[in-house]
Amino acid sequence: MSTSITGWLTDPVNWSGPDGIPAQTLAHLELSGMALTIALVIGVPVGLLIGHTGRGAFLVGGLANALRALPTLGVLMIAVLLITPHIASDLAFTIPSLIVLVLLAVPPILTNTYAGVFAVDAAAVDAARGMGWRGRDILLRVQLPCALPLILSGIRAAALQIIATATVAAYVSLGGLGRFLIDGLAQSDYAQMAGGAILVAALALAVELLLLGLARLLVSPGLTRRVSRRTSPPAVPASATATATAQ
Amino acid sequence: MTAAEWLRRNAGEIADLTAWHLWLSILPLLIGLLVALPLGRLAHRSRRLYPMLVALAGLVYTVPSLALFILLPKLLGTRILDPVNVVIALSVYTTALLVRVVADGLAAVPADVIQSAHAMGYRSHQRLIRIELPIAVPVIAAGLRVAAVSNVSIVSMAALLGVPQLGSLFTQGFQLHFFTPIVTGVVLSLVIALVLDGLILLAGHSLTPWQPRRSAR
């Protein structure tokens with residue numbers, strides 16, 4: 001109880017066993033990974049389709065805004081109370097948590113994918129069409145690579161949201177780094193709470209850096225937009241970036 | 001107990017929690033805007049500061065809100081239950097979000113407008129307040145709307161620590177296995193988000209009467 005935060009973080013007891021820091025980090029990553037995968041499977045194809053065809057764009061904006069306003073904690077609790085009577089196993093807590101995390105993660109992925117494809121220089125698409133390419137080739141070989149920086153930043157935002165919110169799953173008795181926050185609070189053990197909070201923040205930071213590195217690897221070097229945007233005076237989002245590339 | 005009965009009995013407490021929720025969402029919005037304006041201007045004027053401030057803002061944003069609520073008492077010497085932690089955490093997030101928005105909004109002011117103002121004898125400070133900021137209002141208002149809506153949603157997380165606001169209805173309902181408080185809390189916080197969003201939209205429009213009235217993005 002009276003240990004300091006560093007004391008708690010460095011105590012070997014907290015680093016072993018099924019409730020230790022490595023095990024809970026793994027549980028946190030497992031839940032987050034599952035949620036992100038589901039969100040990607042939903043968000044990327046739908047975003048690509050809407051961006052490519054231009055149909056349903058108004059839906060994306062409205063839906064994304066409405067979902068941003070939804071209080072995660074309340075929705076999670078409603079989902080748990082609805083599902084627990086029907087399922088006996090741990091899934092009664094996993095499924096609601098996944099639903100909530102996916103609800104959070106789909107909007108940034110979907111909107112960024114859509115906006116990324118939509119903002120691709122029309123001249124590049126026309127050039128591809130002039131070379132005789134058809135819809136799917138244009139989408140996958142021109143629009144997707146050009147939109148990749150924006151798509152990846154949407155995925156990064158989604159991943160951060162998921163990692164932050166997966167903490168809350170501990171309140172409905174799931175594992176993960178949130179355990180330390182919730183248990184620490186229940187035992188009025190501030191060192192444990194703060195230690196857990198530092199671990200969550202560190203995990204979020206590590207994932208952010210990993211995804212930034214991944215973006216560097218994946219984005220075609222021909223798309224100098226990312227580089228030029230940093231050195232040249234900043235441009236306004238959506239509309240202005242479109243004009244900047246057109247110039 | 002039926003839903004209607006629960007609502008009638010707890011009307012007073014619900015009103016209190018709603019007021020707390022409003023206060024905890026709006027105050028950080030104002031503080032964040034006040035801090036972001038000079039920082040954003042600084043970022044806009046300096047090519048070297050811009051990427052640094054934007055990167056720093058991104059870094060701040062990676063810290064999960066619940067973690068920040070818990071770590072702030074240690075840094076500030078406050079108690080963990082203190083609503084001040086929530087206000088400061090959300091002010092930091094709002095600032096992080098708006099610094100870039102303000103800088104980008106100022107960058108969107110056409111160069112010839114600035115030159116005309118200069119030629120008319122506006123000094124840099126006057127020009128900022130009377131020309132540049134008003135022109136940047138649509139961009140800043142769009143950023144404020146995002147900040148407002150996400151603030152309303154993040155505030156409820158503080159319920160896990162016992163800070164009173166609409167999120168308290170979630171934990172109450174969850175412990176009692178009773179839907180009514182949770183649904184009430186969700187609906188009220190959606191309404192608050194919607195109202196704040198609409199108010200900022202209206203304020204943005206009334207500050208920029210020269211703008212064509214297009215449908216909101």
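How far apart are the end C-alpha atoms over residues 194-219 of chain A, and what percentage of the chain is helix there? In this predicted model, the end C-alpha atoms of that span are 37 Å apart, and the chain over these residues is 96% helix and 0% strand. The span is one of those to which UniProt, in an unreviewed entry, gives the feature "transmembrane region"; the others in chain A are residues 31-50, 57-83, 95-125 and 146-174.

Two residues of chain A give a view of the interior. A:Thr165 is found in helix α7 of chain A, and because its relative accessible area is 7%, under the 20% limit, A:Thr165 counts as buried. The side chain of A:Thr165 comes within reach of the backbone oxygen of A:Gln161, at 2.7 Å. If neighbours within four places in sequence are left aside, A:Thr165 is in contact with A:Thr72, A:Leu101 and A:Leu104, and also with B:Met157 of the other chain.

A:Ala169 lies in the loop between α7 (135-166) and α8 (178-186) of chain A, and with a relative accessibility of 2% A:Ala169 is also classed as buried. Not counting residues up to four places away in sequence, A:Ala169 touches A:Leu31, A:Leu76, A:Ser97 and A:Leu174. The C-alpha atom of A:Ala169 is 7.9 Å from that of A:Phe93, although the two residues are 76 residues apart along the chain.

Of the 217 residues of chain B, 47% count as buried. Among the contacts in chain B that link residues at least 6 apart in sequence, 73% join residues at least 24 apart.

How much area do chain B and chain A bury between them? The figure is about 3,600 Å², with 80% of it on carbon and sulfur atoms. In chain B, B:Thr62, B:Leu160 and B:Phe174 supply 18% of the area that this chain buries against chain A, more than any other three residues. The contact draws 42 residues from chain B and 43 residues from chain A.

Between the two chains the count of salt bridges is zero, whereas four residue pairs are found in polar contact across the interface, both residues of each pair being at pLDDT 80 or more. On the side of chain B that touches chain A, at least two residues each come from α3 (49-62), α4 (65-76), α5 (83-107), α7 (124-155), α8 (167-176) and α9 (179-207) of chain B. Helix α9 of chain B gives the most, with seven residues. Sorted by class, this side of chain B has 29 nonpolar, nine polar and four charged residues.

Note on methods. Residues are numbered from 1 along each chain as its sequence is written. Chains are lettered from A and ligands numbered from 1 in the order in which they are written. This is a predicted model: local features need pLDDT of at least 70, side-chain atom pairs count only at pLDDT 80 or more; totals for chains, interfaces and linings use all residues. Side-chain values use heavy atoms; hydrogens and water are left out. Contact means heavy atoms within 4.5 Å. Buried area is the accessible area (1.4 Å probe) that two parts lose on being put together, summed over both. A salt bridge is a side-chain nitrogen of Lys or Arg within 4 Å of a carboxyl oxygen of Asp or Glu. A polar contact is a pair of N or O atoms within 3.5 Å; within protein, one must be able to donate a hydrogen and the other to accept it, and residues adjacent in sequence count only if both atoms are side-chain atoms. Helices (H or I, at least four residues) and strands (E, at least two) are DSSP runs, numbered from the N terminus. Ala, Val, Leu, Ile, Met, Phe, Trp, Tyr, Cys and Pro count as nonpolar, Asp, Glu, Lys and Arg as charged, and the others, Gly among them, as polar. Buried means under 20% relative accessible area, exposed over 50%, partly exposed in between (1.4 Å probe, protein chains only). UniProt positions are given in the numbering used here, feature names are shortened, and annotations may be inferred rather than shown by experiment.
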